[in-house]
Amino acid sequence: MLLTALGLAAGAGYGNYLFISAHDARVTVLVLARQVDWGQRITETDLVTARIVEDPAAHMIRDEDRAAVLGKTAATGLPQGSVLAPEHLTADLIPAAGQHVVGLAVKPGQLPARGLRPGERVQVTPIASNQTTAEGAIRGTGFTARVLLLGKPDTQGAITVDVVITADQLTTATAAAAGPVILTLLGPGN
């Protein structure tokens, strides 16, 4: 009787396991293995998977759609661990057609102390290198741009900030790249 009871308990436990496994509502979705900045192309090393319960209200990309994700561009900055959604990606390359990337050398004090992040919009204001007074300090015309990439600081703390500009800004931006500039972070709607 003891053997029969043990057999029935084991059979019931195995049956429950099969029943629960068959009704598991979790799906395998794509999650970011590391931070991905705006404009960065998604590669295989950026992706890991997680099993989660799917919520119809949330947009998630399943693991079986991995091939469609690879090579796409991040439409916004995405932190590590983010569940990937279709609205996070774009097929557009950065720079897109009609856009250019210009590198601007920026010294400490010529950009916000908090730094800049890819995707943020900035006002680029060229300044005179021998600036002694506020009047006459502006050199040339300023323009707005979007930060693409930040270089590593050199021995004096200066960095190169790559910005995306439109074709009509190319002459102004090239002139600004030749000398010192101030980068001002623009808020939403500016």
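**Figure 1. Val27 on strand β1 of the predicted model**. Val27 is buried, its relative accessible area being 12%. The residue belongs to strand β1. Glu54 lies 27 residues from Val27 along the chain, and the two C-alpha atoms are separated by 6.3 Å. Glu54 is also one of the contacts of Val27 once neighbours within four places in sequence are set aside.

**Figure 2. Arg66 and its polar contact with Glu44**. Arg66 is part of helix α2, which covers residues 66-69. Its relative accessible area is 17%, and because a residue under 20% counts as buried, Arg66 is classed as buried. The side chains of Arg66 and Glu44 are joined by a polar contact of 2.4 Å. Not counting residues up to four places away in sequence, Arg66 touches Glu44 together with Leu30, Leu47 and Thr49.

**Figure 3. Asp46 in the loop between β1 and β2**. The loop that holds Asp46 runs between β1 (26-32) and β2 (47-53). Asp46 has a relative accessible area of 0% and is buried. Arg34, 12 residues away in sequence, is 6.0 Å from Asp46, C-alpha to C-alpha. Beyond residues up to four places away in sequence, Asp46 touches Val31, Leu32, Ala33, Arg34, Val36, Gln40 and Arg41.

**Figure 4. Ser82 in the loop between β3 and β4**. Ser82 is buried, with a relative accessible area of 15%. The Ser82 side chain reaches the backbone oxygen of Pro79 at 2.7 Å. Leu30, Val31 and Leu32 are the residues that Ser82 touches when those up to four places away in sequence are not counted.

**Figure 5. The largest nonpolar core and a separate core**. The largest nonpolar core has 18 residues, of which Leu104, Val122, Val124, Val163 and Leu183 touch the most other members. At least two residues of this core come from each of β5 (99-106), β6 (121-126), β7 (143-150), β8 (159-166), α3 (170-177) and β9 (181-185). The largest share, four residues, is supplied by β8. Another core, of 11 residues, lies apart from the largest one, and its members include Val36, Val69, Ala74 and Leu89.

**Figure 6. Contacts of the core residue Val122**. Neighbours within four places in sequence are left aside in this view. Among the contacts of Val122 are Val163 and Leu183, both of which are, with Val122, among the core residues that touch the most other members. Val122 is also in contact with Leu116, Phe143, Thr144, Ala145 and Val147, and with Thr184, Leu185 and Leu186.

**Figure 7. Lining of the largest pocket**. The largest pocket has a volume of about 200 Å³. Its lining comprises 14 residues, and those closest to the centre are Trp38, Ile94, Gln99, Arg146 and Val164. Two or more lining residues come from each of β7 and β8. By class, seven residues of the lining are nonpolar, five are polar and two are charged.

**Figure 8. The cis peptide bond between Ile94 and Pro95**. Most peptide bonds are trans. The bond that joins Ile94 and Pro95 is cis, with omega about 5°. Pro95 is found in the loop between β4 (89-90) and β5. Ile94 is also one of the residues closest to the centre of the largest pocket.

Key
Residues are numbered from 1 along each chain as its sequence is written. This is a predicted model: local features need pLDDT of at least 70, side-chain atom pairs count only at pLDDT 80 or more; totals for chains, interfaces and linings use all residues. Side-chain values use heavy atoms; hydrogens and water are left out. Buried means under 20% relative accessible area, exposed over 50%, partly exposed in between (1.4 Å probe, protein chains only). A polar contact is a pair of N or O atoms within 3.5 Å; within protein, one must be able to donate a hydrogen and the other to accept it, and residues adjacent in sequence count only if both atoms are side-chain atoms. Contact means heavy atoms within 4.5 Å. A nonpolar core is a set of buried Ala, Val, Leu, Ile, Met, Phe, Trp, Tyr and Cys residues joined through side-chain atoms within 4.5 Å. On a 1 Å grid over the protein atoms alone, a cavity is a set of points where a 1.4 Å probe fits but cannot get out, and a pocket is an open set with protein on both sides within 12 Å along at least five of seven lines; lining residues have an atom within 4 Å of a point. Grid points are joined across faces, edges and corners, and a volume is the space filled by probe spheres set on the points. Ala, Val, Leu, Ile, Met, Phe, Trp, Tyr, Cys and Pro count as nonpolar, Asp, Glu, Lys and Arg as charged, and the others, Gly among them, as polar.
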